[in-house]
Amino acid sequence: MDERDVRLLKAISDLGTGSPERLHEETGIPVSTIHYRLNNLREDGVIENDLYDLDHEALGLGVTVIVEVLASYEGPYEEFADELLAVEGVTEAFFTMGETDFVVLARLSSSDTVERLISDFEAIPEVERTNSTFTIAALRDESRAPATYDLDTLIEELTD
């Protein structure tokens with residue numbers, strides 16, 4: 001990855017679009033070069049999709065719950081994690097070190113559905129205990145990590 005790739009990825013993150021025309025306006029990189037580089041970034045697995053981002057609040061899934069899961073399981077953590085990921089509303093899950101085995105983020109339609117979420121977790125035999133936290137307000141909910149960095153930092157840390 002070189003500086004032009006990083007500039008494109010930063011612009012995509014900042015603008016929320018992969019439109020070659022908008023990216024050209026932001027970066028000054030020729031549109032044909034943008035098409036070529038975006039295709040290469042897709043082939044390399046850096047760009048995963050062209051999906052639209054959703055506003056969870058506007059969609060009706062505005063209740064965010066962070067759940068710590070303590071579990072006792074045998075075998076690879078990925079196999080157990082599949083059970084956690086099967087619970088409706090789970091949008092992110094992390095295998096962690098420390099007291100907590102997994103941290104799960106769920107997007108729900110109302111506070112009434114939290115009971116269902118926790119019951120679904122506790123119905124998994126390997127789950128020993130959960131600890132849930134309601135979020136009051138999202139201070140940052142950015143799915144595009146480069147948007148949280150200064151361009152110079154990204155260039156310094158990511159280019160060959």
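This is a predicted model: local features need pLDDT of at least 70, side-chain atom pairs count only at pLDDT 80 or more; totals for chains, interfaces and linings use all residues.
Q: At what angle do they pack, and how far apart are the axes?
A: Helix 2, residues 20–27, packs against helix 3, residues 31–43, at about 115 degrees, and their axes are 9 Å apart. Helix 2 is therefore roughly perpendicular to helix 3.

Q: Which residues meet there?
A: From helix 2, Pro20, Glu21, Leu23, His24 and Thr27 meet Val31, Ile34, His35 and Leu38 of helix 3. By class, the residues of this contact are five nonpolar, three polar and one charged.

Q: What about helix 1 and helix 2, how do their axes cross?
A: The axes of helix 1 and helix 2 cross at roughly 110 degrees and come within 10 Å. That makes helix 1 roughly perpendicular to helix 2. The crossing of this pair is right-handed.

Q: Which residues make that contact?
A: Helix 1 contributes Arg7, Leu8, Ala11, Ile12 and Leu15, while helix 2 contributes Arg22, Leu23, Glu26 and Thr27. The residues of this contact divide into five nonpolar, one polar and three charged.

Q: Which side chain does Arg7 meet in a salt bridge?
A: The side chain of Arg7 pairs with that of Glu3, at 2.7 Å from N to O. Both residues belong to helix 1, residues 3–15, and lie four residues apart, about one turn of the helix.

Q: How many salt bridges are there?
A: The count comes to eight salt bridges.

Q: Changing topic: in what order do the strands of the sheet run?
A: Four strands form an open sheet in the order 2-3-1-4, with antiparallel pairing. Strand 2 (90–95) and strand 4 (127–134) are at the edges with a single partner strand each, so one side of each has no neighbour in the sheet. On average, neighbouring strands are turned by 20 degrees against each other, direction ignored.

Q: How many bridges join strand 2 to strand 3?
A: Five bridges join strand 2 to strand 3, residues 102–108, and the two run antiparallel. Phe95 has Phe102 in strand 3 as its bridge partner.

Q: Which strands does helix 5 touch?
A: Helix 5, residues 77–85, packs on the sheet and touches strand 1 (63–71), strand 2, strand 3 and strand 4; its direction makes about 20 degrees with that of strand 3.

Q: And where does helix 6 lie?
A: Helix 6, residues 114–122, lies across strand 1, strand 2, strand 3 and strand 4, and runs at about 160 degrees to strand 4.

Terms used: Residues are numbered from 1 along each chain as its sequence is written. Side-chain values use heavy atoms; hydrogens and water are left out. Axes are lines fitted to C-alpha atoms, for helices over the stretch in contact, and angles run from 0 to 180 degrees between N-to-C directions. Angles under 35 degrees count as roughly parallel, over 145 as roughly antiparallel, 65 to 115 as roughly perpendicular and the rest as oblique. Contact means heavy atoms within 4.5 Å. Ala, Val, Leu, Ile, Met, Phe, Trp, Tyr, Cys and Pro count as nonpolar, Asp, Glu, Lys and Arg as charged, and the others, Gly among them, as polar. Two strands pair if DSSP finds at least two bridges between them. A salt bridge is a side-chain nitrogen of Lys or Arg within 4 Å of a carboxyl oxygen of Asp or Glu. A crossing is left-handed if the near helix is turned anticlockwise from the far one by less than a right angle, and right-handed if clockwise.
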